[in-house]
2 protein chains.
Amino acid sequence: MVDTEKDTAAPEDQVHDLEAGIEHDVVEALAADDQGRLADLIRPLHHADIADLLERLNTEDRGQVIDLLRDDFDPEILTELDETVRDQVIDRIGVAEVVAAVQELDSDDALEVVEELDKDEQQQVLDAIPIGDRRRIEEGLSYPEDSAGRLMQREVVTVPTFWNVGQTIDYIRESADSSVENELPTQFYDLFVVDPLHKPVGTIPLSRILRSARHVPVTDIMEMEMKMLPVNTDQEDVAFVFRQRDLVSAPVVDDGGRLVGAITIDDVVDVIDEEHEEDIMLLGGVKEDDLYNATLDTTRARFGWLLINLVTAILASTVIGLFDATLEQMVALAVLMPIVASMGGNAGTQTLTVAVRALAMKELTPTNAARVIGKEALVGVFNGVLFAGLIGVVAWAWFGNPALGVVIGLAMIVNMIVAGLAGTTIPLVLERVGIDPAVASSVFLTTITDVVGFFVFLGLAALILF
Amino acid sequence: MVDTEKDTAAPEDQVHDLEAGIEHDVVEALAADDQGRLADLIRPLHHADIADLLERLNTEDRGQVIDLLRDDFDPEILTELDETVRDQVIDRIGVAEVVAAVQELDSDDALEVVEELDKDEQQQVLDAIPIGDRRRIEEGLSYPEDSAGRLMQREVVTVPTFWNVGQTIDYIRESADSSVENELPTQFYDLFVVDPLHKPVGTIPLSRILRSARHVPVTDIMEMEMKMLPVNTDQEDVAFVFRQRDLVSAPVVDDGGRLVGAITIDDVVDVIDEEHEEDIMLLGGVKEDDLYNATLDTTRARFGWLLINLVTAILASTVIGLFDATLEQMVALAVLMPIVASMGGNAGTQTLTVAVRALAMKELTPTNAARVIGKEALVGVFNGVLFAGLIGVVAWAWFGNPALGVVIGLAMIVNMIVAGLAGTTIPLVLERVGIDPAVASSVFLTTITDVVGFFVFLGLAALILF
């Protein structure tokens, strides 16, 4: 548990161990097939650094490093890996090693490893582990995906209401001493005071236990204003509560209000990263982070979104097709037409980004929705007028036709206002009907700004210029 | 410190207090100008909930609520507010109240409030607070923005190497008892063992102190493999270390390696949110989250990005202008031309999103860069061929011209490959030259996919069709 050698590097070098050239040296040792050097480089690394290293290597090198680590594989490595890479690692180390890992890990980490296995492997692992561990994992799997029940650790430290600080400390020391050490979680930050029905009545941060004299009753120092998370709480809501209240751990309760586990901040940080990743990927039109996926899987995953875009792009083109007679009369329209659509798309994306983020952070609510939409429409008016002036002058100068400048200016104003309205309204409506606003907003938005951009510009041209 | 009334609501209702209609009731009470009801609604709220409420109200209502809270204003509210809203709140409560707040808060929170004030107010506040607090804040302000020095708390609990667990616990109890209570941080999760030069030699999680018998020397249970953060470490790197190592707190050291403070996870979660927000906003072409900004400020902030887009859109249009003779001969080209550009833009955005995210998470490194670029080019080839077939058939059927189908198909393949290459190469190059890849990537990308899309499609048409 405690390292016997002190790391003597200067502090500056310690921020990212992996940056410091180790990655490069490992690749070199792999290329030279120098097993001795490889072992010297990798064995002293922290499990989190080994996980990072495995992620960055190519498949073949990764296999070699796993073979090297196989004999005493640190199960914590598995919990730090990206899913795609973890699958590969598990395939390589084999189910027997996973069985050993699952028994060593805390219940939340073990569940995280098992839940990602495919059905077959899951059954093999469950069949091979002791009944106690098996029950705990099966119970965890019974909760909905991405719920508090999946995130929580079953090991929690509870204290009855009639104890004092001294009794609490003695109890923790005894539990740590005895052979049933695994009853205590590896790390914990709060104690939970429970009533006889095992319902939480308060939490005590460890620092408050340490500040208090032995004779002080736990009920005197417990925090009663606490957030209890029902097992079915969505992980996004869990993250919201932790962030809002600056929590490091929180009690999880079942339908009867009884304490069944606790969620700690390290798992919540992973959730926050996951949710952010989801938002950013969906806005970018990618189903999931596919950095480590094979080329064909990536091609397939991205095809769907591009297909939708093809359909909407064809739709926008049919709008252009309506005005083919107009375009034949003046080719300048074809030259200028993408500018109006592009500006609308960009202005709309700006608004959309702010709205989607605000929805995710629960900052955009029914109370302020009308105000936000109104504001974005006004921003559209202001920027629309500014850019109408700019592009109007450019178009006039370019094609020597002032009327063309007026047409493109008017089209610009209309499309910018539409962009502001659509950029706020689309995600709000999607959220209302229960669709993740990040996933479908941009395709709707650019369809609208393209169609409106082409239609208004070419329509006004047909009306005014001929 | 301890609440005397138990919250008796069912657990399901406790996840978001504010969702439960309080926000709506507050707006109603404000409209009815019912001060009594308003006080009843707001006073029992947690400071984090009050902050959320203030953010969601409009400026006028916000002012009313602040006036209500003025008499006993909880300074913690300030630390939870968005910057724009905090400015308004500070203007309303006045500098005197800020002075009081700064003295009550932990050093990291006090610094956070002061650093956002404008120079004048900052000086007023610094002049009004006691010299000790003032020194601590001025020292904090001397560190670079967004550095570990700005994030850290100066209050840390340190233990000499020759103490045992019993001495440590007694020391903490005495510090809490004595009149100098503010020497201990309000909350702490780790103790730092320091040598006589005040250099950290190990950390001890509080749970490990509680597990151990009184006679155990601290050096026996301390964790020596720890990450020490130099004061100048960028907050993004701080977040990386916390995330990678699942830390709840970490020691901050000066150039001489001496302990000067500690960073706790709650501040790191804020950093993680901030960095994510920055990434998502920059990718969406917004300088910063401007949900709470005034309309004119928002218009101004978004203008710059749109102006760049106008210039690049005009650039793309000049490419179209090169082919005006070709377009005059066949108006179908004008109709189909946006499809090629749009598909390239979307495919490029997919790749770009994955690459920017991978760079931010330090998953994309020199070791795997060539592999990732190669893969994305291949994905471009595969999806390019698939969509070339689809759009080729559509164009043929639409305009009854098979050669037109061939032209648009070839242009599609070229633009999809270019999109894959540009989507990975642009952020890598920007990162290499020290520019945040999120900020400038999309404008470069869409310029390239538009220009290439128009040029290749119209160029091939000119070559093949006439």
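**View 1. Chain A and chain B are related by a rotation of 180°.** The shift along the axis is 0.0 Å, and chain A superposes on chain B with an RMSD of 0.1 Å. This is the relation of a two-fold axis. The copies are superposed by least squares on the C-alpha atoms of residues with pLDDT of at least 70 in both. The model is predicted: local features need pLDDT of at least 70, side-chain atom pairs count only at pLDDT 80 or more, and totals for chains, interfaces and linings use all residues. Residues are numbered from 1 along each chain as its sequence is written, while chains are lettered from A and ligands numbered from 1 in the order in which they are written.

**View 2. Chain A meets chain B through 117 residues of chain A and 116 residues of chain B.** Two residues are in contact if their C-beta atoms, placed from the backbone, lie within 7 Å. On the chain A side, helix α19 (residues 332-360) gives the most, with 16 residues. That side divides into 62 nonpolar, 26 polar and 29 charged residues. Here Ala, Val, Leu, Ile, Met, Phe, Trp, Tyr, Cys and Pro count as nonpolar, Asp, Glu, Lys and Arg as charged, and the others, Gly among them, as polar. Of the interface residues of chain A, 99% are also interface residues in chain B, so the copies meet through the same surface.

**View 3. Helix α20 (residues 366-399) of chain A crosses helix α17 (residues 295-321) of chain B.** Their axes come within 9 Å and cross at roughly 35°. Axes are lines fitted to C-alpha atoms, for helices over the stretch in contact, and angles run from 0 to 180 degrees between N-to-C directions. The crossing of α20(A) past α17(B) is right-handed, meaning that the near helix is turned clockwise from the far one by less than a right angle. Contact residues of α20(A) include A:Phe382, A:Leu386 and A:Phe387. Those of α17(B) include B:Arg302, B:Phe303 and B:Leu306. In this contact, twelve residues are nonpolar, four polar and two charged. Helices (H or I, at least four residues) and strands (E, at least two) are DSSP runs, numbered from the N terminus.

**View 4. Three strands of chain A form an open sheet in the order β1-β2-β3.** The pairing is mixed; two strands pair if DSSP finds at least two bridges between them. β1 (158-160) and β3 (200-205) of chain A stand at the edges, each with a single partner strand, so one side of each has no neighbour in the sheet. The twist averages 30° from one strand to the next. β1(A) and strand β2 (residues 190-194) of chain A run parallel, joined by three bridges. A:Pro160 has A:Val194 as its bridge partner in β2(A).

**View 5. A second open sheet of chain A has the order β4-β5-β6.** Its pairing is mixed. At the edges stand β4 (229-230) and β6 (259-264) of chain A. Two bridges join β4(A) to strand β5 (residues 249-253) of chain A, and the two run parallel. A:Leu229 is bridged to A:Val252 of β5(A). Helix α16 (residues 265-283) of chain A lies across β5 and β6 of chain A, at about 65° to β6(A).
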